[in-house]
Amino acid sequence: MEKKKRASNDNRIDYGVILPVFLLCLIGLLSLYVALSHDPNNPSVFRGVMMQTVWYMVGAVAIIVIMHLNSKWIWKLTPYLYGLGLVVMGLLLKFYDKQLALVTGSKNWFSFGSFTFQPAELMKIAYILMMALIVTKHNSQLKERTTKNDLWLIAKMLLVTLPVLALVMAQDDFGTMLVFLAIFGGIFLMSGISWKIVIPVVVIALVVGAGLIYLVTTEGGRDLLYKVGFKSYQFARIDSWLDPFHDTSGMSYQPAQGLLAIGSGGLLGKGFNTSDVYVPVRESDMIFTVIGENFGFIGGAFVIFLYFILIYRMIRVCFDTNNEFYAYIASGLIMMLLFHVFENIGANIGLLPLTGIPLPFISQGGSSILGNMIGIGLILSMRFQNETPDKTSRR
């Protein structure tokens, strides 16, 4: 009987999700070791690698715990997690780490001695859960789909989103704001809203995006953006993206060195633990440059392939689940992970401007690792719980 139960549990564990995450974490440890070993400003390689390992272990425990929570428990906890997240994000505006704010330009870190934490990473999960709850509850109450109902759903989604965006903008964290917008877009598209509304919204978003590009690339446009709250360091990052080698002694130094490091790796790389090109803060936002220099194009392509497999498996879970609440959670998590990967690697290879977004499971940072691991736990719980339609929460 016990063997049958163990076999049944094994069938409910999605190893197609676990394997790429495990390999990405292993690559993360190796890359972090290389980055810290060749960083003259890093006092202890061993401490950095051990702290990362501890965060991986904490994340693994979080996955196991969350796997065993069914949708009913997650549904009940969601409003409290969202409310707590808003309170913590609000406290951050007063009690942020001032030293890190001077270095990064963002007020998005708590500091307790040598321990630092970024609440926005966990707020992403709470926001995804709240958005999924709002959409599921709204759709379950519909007798028929009308334009009026769809507009009312959009209003509810904005009511949940605007406080989060306001707090993130107050922290001067533009990169994290883009992540929340990506999550909103993913759930918005999956929510069942009529294409009569979706298409105009997408067109407006594209027009606004094109308008912003025009504004940041013209002198008059920048003057206008300065007046509405844009900072000089944000324009400096855009200039470094447009021409990475225009100011290699200033803001362009990091992206320029990153491109040189990746380019010097060639097809197969220079070999493990090699760093001939110095890249500042390589262990976090620029970790992909370690992979490019050490393992070349083949190594970088393999990492992208692992992300592709992981996202594919997450999409399969999204479509296979019989629980509407779970499906919207999966949609938000997929968009979060996809945007992180696209933005981080895109910034490292010069396709996109640097925004300070970490590479999931690889970049150094306990907050990011824990948030991503919780997301994986939610994905695995969808398969592990294996709920049928008549058991779905509040459907």
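Tyr 127 is buried, with a relative accessible area of 0%; buried means under 20% relative accessible area, computed with a 1.4 Å probe on protein chains only. This is a predicted model, in which local features need pLDDT of at least 70, side-chain atom pairs count only at pLDDT 80 or more, and totals for chains, interfaces and linings use all residues. Residues are numbered from 1 along each chain as its sequence is written, and side-chain values use heavy atoms, without hydrogens and water.

Phe 180 is also buried, at 0%. The structure holds 5 aromatic pairs, where rings of Phe, Tyr and Trp (its six-membered ring) pair if their centres lie within 6.5 Å, and planes over 60 degrees apart count as edge-to-face. Two of these pairs are listed below.

| Pair | Centre to centre | Angle of planes | Type |
|---|---|---|---|
| Trp 75 and Phe 325 | 5.0 Å | 70° | edge-to-face |
| Tyr 127 and Phe 180 | 5.4 Å | 80° | edge-to-face |

Trp 75 in helix α4 and Phe 325 in helix α14 are 250 residues apart; helices are DSSP runs (H or I) of at least four residues, numbered from the N terminus. Trp 75 is buried at 4%, and Phe 325 at 0%.

Ile 74 lies in helix α4 as well and is buried, with a relative accessible area of 5%. Beyond its neighbours within four places in sequence, Ile 74 is in contact with residues including Leu 129, Phe 325 and Tyr 326; contact means heavy atoms within 4.5 Å. Ile 74 and Leu 129 are 55 residues apart in sequence, with their C-alpha atoms 8.2 Å apart.

Key
Helix = DSSP H or I, 4+ residues; strand = E, 2+ residues; numbered from the N terminus. Buried < 20%, exposed > 50% of the residue type's maximum accessible area, 1.4 Å probe, protein only. Phe/Tyr/Trp six-rings, centres within 6.5 Å; stacked < 30°, edge-to-face > 60°.
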